[in-house]
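Subject: Structure handover

Hello,

Here is the structure for your files.

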Amino acid sequence: MRDHRPQTAAHLLDSDGLTSIQQRAAALSKLNSAVKSHLNCAEHCRVSNYRQGVLIIETASAAWSMRLNYERYQLITKLREKLLPKLQDIEVKVNPTLAAVAIRKQDKIPDIIQKPISDVAAQHLLATAENAPNKVKACLERLAKLAKNKTS
């Protein structure tokens, strides 16, 4: 029976506990790289856990989940031969946060480049502001003022 009583942080971080956590993380990292080498979806999936003969893989979307399910048996046989002889099954779960990470990596959003407002454009803005309602007039005058600030 397991001991479920609260434990101090010192007890959790003693050399045995920290070593086992570190070894588990290293094993999962190695397993993750092995799975990604066999699949062509490195940025869309990752190994989440391995317990009791079941490998849990997280994917970015249901589409990638279906694709992995098609390749499940081939992946099981490859992993049994090379890394996990006791592997029984692969469970695929959808984790939408992986999609957000993949999008951020792929689409590096460029910085906004502000082009300066020319003096001619500032004059047109001021001319338009003369006949505009008060709210719009204030906005147009602020825009025209930006052009004057850039030149000075």
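Glu91 and Lys93 form a salt bridge through their side chains, with N and O 3.6 Å apart; the term stands for a side-chain nitrogen of Lys or Arg within 4 Å of a carboxyl oxygen of Asp or Glu. Glu91 is partly exposed at 32% relative accessible area, and Lys93 is partly exposed at 38%. Buried here means under 20% relative accessible area, exposed means over 50%, and partly exposed is in between (1.4 Å probe, protein chains only).

The model is predicted: local features need pLDDT of at least 70 and side-chain atom pairs count only at pLDDT 80 or more, while totals for chains, interfaces and linings use all residues. Residues are numbered from 1 along each chain as its sequence is written, and side-chain values use heavy atoms, leaving out hydrogens and water.

Searching the whole structure gives 3 salt bridges. Another of them joins the side chains of Arg46 and Glu58, at 2.9 Å from N to O. This pair links distant parts of the chain, 12 residues apart: Arg46 is in strand S1 (residues 45-51) and Glu58 in strand S2 (residues 54-59). Helices (H or I, at least four residues) and strands (E, at least two) are DSSP runs numbered from the N terminus. Arg46 is partly exposed at 35%, whereas Glu58 is buried at 15%.

There is also a salt bridge between Asp89 and Arg72, whose closest N and O atoms are 3.9 Å apart. Asp89 belongs to strand S3 (residues 89-94) and Arg72 to helix H4 (residues 72-82), so the bridge ties together parts 17 residues apart in sequence. Asp89 is partly exposed at 34%; Arg72 is buried at 18%.

The disulfide count is 0, where a disulfide is a pair of cysteine sulfur atoms within 2.5 Å. Cys45 is buried, with 3% relative accessibility, and Cys139 is partly exposed, with 39%.

The largest nonpolar core has 20 residues, of which Val35, Leu55, Ile57, Leu87 and Ile90 touch the most other members. Such a core is a set of buried Ala, Val, Leu, Ile, Met, Phe, Trp, Tyr and Cys residues joined through side-chain atoms within 4.5 Å. Two or more residues each come from helix H2 (15-38), S1, S2, helix H3 (62-70), H4 and S3. H2 gives the most, with 4 residues. Apart from neighbours within four places in sequence, Ile90 is in contact (heavy atoms within 4.5 Å) with Leu55, Ile57, Arg72, Leu75 and Ile76.

Regards
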